[in-house]
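Let's take a walk through this protein together, one piece at a time. Have the sequence and the 3D view ready.

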Amino acid sequence: TNMKTLSDRYSDKLGENLGNLVATIPQYDTITVDGFCNRIHDFIEDYIMLRNPTYDFESLAPYQKTLVEDAEVYQAFYVVHGVDFTQASGYDSNSGALMDKATIRERQICDNARNRLLRARVLHRDPRDMGARYDG
């Protein structure tokens with residue numbers, strides 16, 4: 001199994017130093033890069049397990065593990081280069097509008113990360129409609 005950290009995988013794939021990036025984000029100024037990576041890992045794991053309660057990373061095929069790890073990398077990129085919707089309240093200070101929870105949930109994960117998880121076949125259903133097939 002690949003023992004590289006998310007921070008290492010991020011640098012290898014995207015050519016940026018994740019630690020340096022995290023240090024430049026005001027809301028993360030008290031968080032270490034390891035803490036940031038743990039949050040990304042936990043978010044992706046929760047995202048999968050809500051749609052696939054029997055998910056077990058260790059039992060995945062190598063190609064699936066790679067895709068899940070790639071999903072973490074793309075999610076980390078999304079968060080450091082955009083808005084961390086996992087922390088968003090939904091209030092838009094420019095328009096005064098309130099984003100509904102479904103929209104926030106939908107935007108918490110980036111398309112690249114979700115596409116990797118779909119390709120890995122680890123997402124089975126949408127947690128808001130447990131009777132239906134999950135279609136992204």
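Predicted model: local features only at pLDDT ≥ 70, side-chain atom pairs only at ≥ 80, totals over all residues.

Is helix 4 mostly covered or mostly open? Mostly covered: 14 of its 20 residues are buried.

Now zoom out. Read from the N terminus on, its elements go α-α-α-α-α-α. Of the 136 residues in the protein, 38% count as buried. There's also a lot to say about who touches whom along the chain. Take the contacts with a separation of 6 or more: 62% of them in this protein are between residues 24 or more positions apart.

Next, back to helix 4, this time with its neighbour helix 6. The axes of these two helices come within 8 Å and cross at roughly 170 degrees. Angles over 145 degrees count as roughly antiparallel, and that's why helix 4 is described as roughly antiparallel to helix 6. If you want to find the meeting place, look on helix 4 for Tyr63, Leu67, Val68, Asp70, Ala71, Tyr74 and Gln75. On the helix 6 side, they meet Asn112, Ala113, Arg116, Leu117 and Arg119. Sorted by class, this contact has seven nonpolar, two polar and three charged residues.

Helix 6 (residues 111–119) also has a meeting with helix 3 (residues 33–49). Here the axes come within 12 Å and cross at roughly 50 degrees. Because of that angle, helix 3 counts as oblique to helix 6. The crossing of helix 3 past helix 6 is right-handed. From helix 3, the contact draws on Ile44, Tyr47 and Ile48, while helix 6 supplies Ala113, Arg114 and Leu117. By class, that contact of helix 3 with helix 6 comes out as five nonpolar, no polar and one charged.

Asp42 lies in helix 3. Is Asp42 buried, partly exposed or exposed? Its relative accessibility is 39%, so Asp42 counts as partly exposed. Asp42 and Glu72 are 30 residues apart in sequence, and in space their C-alpha atoms are 9.5 Å apart.

Move along to Asp56, and you'll find yourself in the loop between helix 3 and helix 4. Asp56 counts as partly exposed because its relative accessibility is 38%.

The last stop is Arg121, in the segment after helix 6. What is the phi of Arg121? It's positive, at about 60 degrees, although Arg121 is not a glycine. Arg121 has 64% relative accessibility and therefore counts as exposed.

Notes:
Residues numbered from 1 in each chain as written. Heavy atoms only, no water. Buried < 20%, exposed > 50% of the residue type's maximum accessible area, 1.4 Å probe, protein only. Helix = DSSP H or I, 4+ residues; strand = E, 2+ residues; numbered from the N terminus. Axes fitted to C-alpha atoms, helices over the stretch in contact; angles between N-to-C directions. Parallel < 35°, antiparallel > 145°, perpendicular 65-115°, else oblique. Left-handed = near helix turned anticlockwise from the far one by under 90°. Contact = heavy atoms within 4.5 Å. Nonpolar A, V, L, I, M, F, W, Y, C, P; charged D, E, K, R; others polar.
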